[in-house]
Amino acid sequence: MKHSCLSYSLLAAWLHFGTAWSSELTFVTEHFPPFSYEVSATKQGTGPMAEVVTAVCNKIRAQCTIQAYPWRRAMLMAKSGEVDGIFSFLRTPEREQSFFFSENIVESAYSFFAPTPSTFHYKKPQDLEGYTVAVYGIASGTGIALQDLLTPVANVTMTTDIKNSTVLK
């Protein structure tokens, strides 16, 4: 069974076929500033992506709840059908087996950061040889994109951090 996914995108069909959906929908996201984050201990999801989801819910006259959880829990809730949708999410062939994706509504890019005195300048994947690259979560869009980028490159160490807020510390 496929589930709904708001992957930097919205299900455009909702705008057209909104009456076919339940009038109450529940979405999950993760704490991933600036795109989405939670409000204090309530787990209420907010941020630009949540605002877009809320706007669509208003358009189709659905009562929507958005909650922020750790990524693994949000993903399990979405895969099990416990919730109606999940966002923000990188589209991969594996995820396409479980989720329906809409067109993108936000596009973002990844960057490399190095200390000020560094002479590092990235132009091609081979420029990363001999470096350690830190990413937020191996199953995250960042980790997936980096793994793809590093496929032809030797001698690169990839390390992960489970907290988006500490990966650059």
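## Notebook: a disulfide, a helix and a serine

I started with the link between Cys57 and Cys64, which is left-handed, with -95° about the S-S bond. This is a predicted model, so I'm reading everything here as computed. The sulfur atoms of Cys57 and Cys64 sit 1.9 Å apart and form a disulfide. I looked for others, but the structure holds 1 disulfide.

**Entry: the whole chain**

Reading along the sequence, I wrote down the pattern β-α-β-β-β-α-β-α-β-α-β-β-α-β. The chain has 169 residues, and 38% of them count as buried. I also checked how far apart in sequence the touching residues are. Among contacts between residues at least 6 apart, 66% join residues at least 24 apart. The accessible surface of the chain is about 10,400 Å², and carbon and sulfur atoms account for 54% of that.

**Entry: helix H2**

Back to Cys57: is it buried or exposed? Its relative accessible area is 2%, and buried means under 20%, so Cys57 is buried.

Next came a length check. H2 covers residues 48-59, which is 12 residues, and at 1.5 Å a residue it should span 16 Å. The end C-alpha atoms are 17 Å apart, which agrees. After H2 comes Arg61, and its phi is positive, near 60°.

**Entry: Ser36**

I then picked a loop residue. Ser36 is in the loop between strand E2 (24-29) and strand E3 (37-39). Buried or exposed? Ser36 has 0% relative accessibility, so it counts as buried.

What do the polar atoms of its side chain meet? The side chains of Ser36 and Thr29 are joined by a polar contact of 2.9 Å. A polar atom of the Ser36 side chain also lies 2.9 Å from the backbone oxygen of Glu30. Leaving out residues up to four places away in sequence, Ser36 touches Thr29, Glu30, His31, Thr46 and Phe87.

Definitions and conventions:
Residues are numbered from 1 along each chain as its sequence is written. This is a predicted model: local features need pLDDT of at least 70, side-chain atom pairs count only at pLDDT 80 or more; totals for chains, interfaces and linings use all residues. Side-chain values use heavy atoms; hydrogens and water are left out. Helices (H or I, at least four residues) and strands (E, at least two) are DSSP runs, numbered from the N terminus. The expected span of a helix is 1.5 Å times one less than its number of residues. Buried means under 20% relative accessible area, exposed over 50%, partly exposed in between (1.4 Å probe, protein chains only). A polar contact is a pair of N or O atoms within 3.5 Å; within protein, one must be able to donate a hydrogen and the other to accept it, and residues adjacent in sequence count only if both atoms are side-chain atoms. Contact means heavy atoms within 4.5 Å. Accessible areas come from the Shrake-Rupley method with a 1.4 Å probe; for residues, only the protein chains shown count as cover. A disulfide is a pair of cysteine sulfur atoms within 2.5 Å.
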